[in-house]
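Reader: I have the chain open beside me. Could we go through it together, beginning with a single residue and then widening the view?

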Amino acid sequence: MTINEAVTRILIVDDDKEFVQLIDEFLTAEGGFAVTARHDGEAGVAAALDGSFDVIVLDVGMPRLNGFEALKLIRQQSSTPVIMLTARGDDIDRILGLEIGADDYVPKPCNLRELTARIRAILRRAQTTEAVEETGLTVGDLRIEPGSHSVFCGDTLVALTGAEFLVLETLVQAAGEVVDKNTIMRSALGRRSGPFDRSVDVHVAHLRKKLGPLPNGQQRIKTVRGRGYLYVA
C-alpha cells in the first residue's frame with residue numbers, strides 16, 4: 001500500500017476521549033486516514049490483533065492495561081508500527097517504550113501536526129521497504145532481505161521491530177564505516193535527533209542483544225565515541 005493509493009488505517013488507543021476525537025477530526029481533515037479508537041489497554045490489544053492497521057498510536061497511561069503492557073502483548077503477535085504517546089520530558093517512558101518494541105514516540109501534550117508527520121514518516125519507510133527488490137544484503141554471517149523484511153544471522157531468523165530493522169539496514173549498508181547518529185535518525189527513523197534523544201542508542205542495544213557477537217567473538221556493532229556507530233565488515 002502506498003500513502004496516496006488507499007486509506008491508511010490508524011488505531012488510536014487512549015483513554016482521553018476528547019484528545020482522541022481531536023486526532024480523529026484532524027486526520028480525517030488531512031484526508032486518506034481512517035481512525036479506529038479504543039479507550040483502554042485491553043480493548044486496544046484486542047483491536048490491534050484482530051484488525052489490519054497500518055499504524056498504532058498507543059498512550060502510556062491507560063486503565064486495565066497500561067501502554068507498556070499492551071505493547072508487550074501486541075508485539076507477541078504483530079509487527080505493526082507503534083507510536084507511543086509519552087509524558088513530556090519523561091525519558092524513562094520513552095526509553096522503556098523503545099525497549100519493548102515501539103517504533104517511535106511523541107510526547108504529550110502533542111502537536112497534532114507533529115503526530116501526523118511521524119505517522120507519515122513511518123508509512124514512507126514502510127513503502128520504501130516494500131518497494132525494494134528482495135536481492136538481499138550480506139555481510140559476514142548476516143543476511144538482510146529487504147523485500148521480506150527478514151534478517152538472518154547464520155541460519156537463524158532474527159525477529160526485529162520495524163525500527164530495529166531500518167537501523168540495522170542503515171548500518172550494514174555502510175559496513176566498515178562510521179555512521180553518525182543524525183544520519184541514522186534521518187534514514188531509519190525519519191526525523192532529526194534531539195540533544196537528549198536516545199532512540200538510536202536503545203535500538204542499537206537491542207540489535208546487539210538479538211544478533212549477538214560475530215563468530216570470532218568480537219562486537220558486531222561498535223560505538224565510536226563522539227562520532228556514531230560502525231557495523232564491523
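**A buried aspartate and its surroundings**

Author: Asp104 is found in strand S5, which covers residues 104–108. Please note that this is a predicted model.

Reader: Is Asp104 buried or exposed?

Author: Asp104 is buried: its relative accessible area is 1%, and a residue counts as buried under 20%.

Reader: Which side chain does the side chain of Asp104 make a polar contact with?

Author: The partner is the side chain of Arg118, at 3.3 Å.

Reader: And leaving aside sequence neighbours within four places, which residues is Asp104 in contact with?

Author: Besides Arg118, the contacts of Asp104 are Val82, Ile83, Met84, Leu98, Leu189 and Arg191.

Reader: Staying with S5, where is Pro109 found?

Author: Pro109 is in the loop between S5 and helix H5, the latter being residues 112–131. A cis peptide bond joins Lys108 to Pro109, with omega at about -5°. Most peptide bonds are trans.

Reader: What is Glu169 in contact with, leaving aside neighbours within four places in sequence?

Author: Glu169 is in contact with Ile144 and Pro146.

Reader: Changing topic: what is phi of Arg64 near?

Author: Phi of Arg64 is near 70°, a positive value in a residue that is not glycine. Most residues other than glycine have a negative phi. Arg64 lies in the loop between strand S3 (55–59) and helix H3 (67–77).

Reader: Why does Arg64 count as exposed?

Author: Arg64 counts as exposed because its relative accessibility is 59%, and the cut-off for exposed is over 50%.

Reader: What radius of gyration does the protein have, and what would a compact globule have?

Author: The protein has 18 Å, while a compact globule with 233 residues would have a value near 17 Å, so the two agree. The C-alpha trace spans about 55 × 35 × 30 Å along its principal axes.

Reader: Finally, how many positive and negative side chains does the protein have?

Author: It has 27 positive and 33 negative side chains, and the centres of the two sets lie 6 Å apart. The accessible surface comes to about 11,400 Å², with 48% belonging to carbon and sulfur atoms.

How values were computed:
Residues numbered from 1 in each chain as written. Predicted model: local features only at pLDDT ≥ 70, side-chain atom pairs only at ≥ 80, totals over all residues. Heavy atoms only, no water. Rg over C-alpha atoms; globule rule 2.2 N^0.38 Å. Areas by Shrake-Rupley, 256 points an atom, 1.4 Å probe, with all protein chains shown as cover. Lys, Arg positive; Asp, Glu negative; His and termini not counted. Charge placed at Lys NZ, Arg CZ, Asp CG, Glu CD. Helix = DSSP H or I, 4+ residues; strand = E, 2+ residues; numbered from the N terminus. Buried < 20%, exposed > 50% of the residue type's maximum accessible area, 1.4 Å probe, protein only. Polar contact = N/O pair within 3.5 Å; in protein donor to acceptor, adjacent residues only side chain to side chain. Contact = heavy atoms within 4.5 Å.
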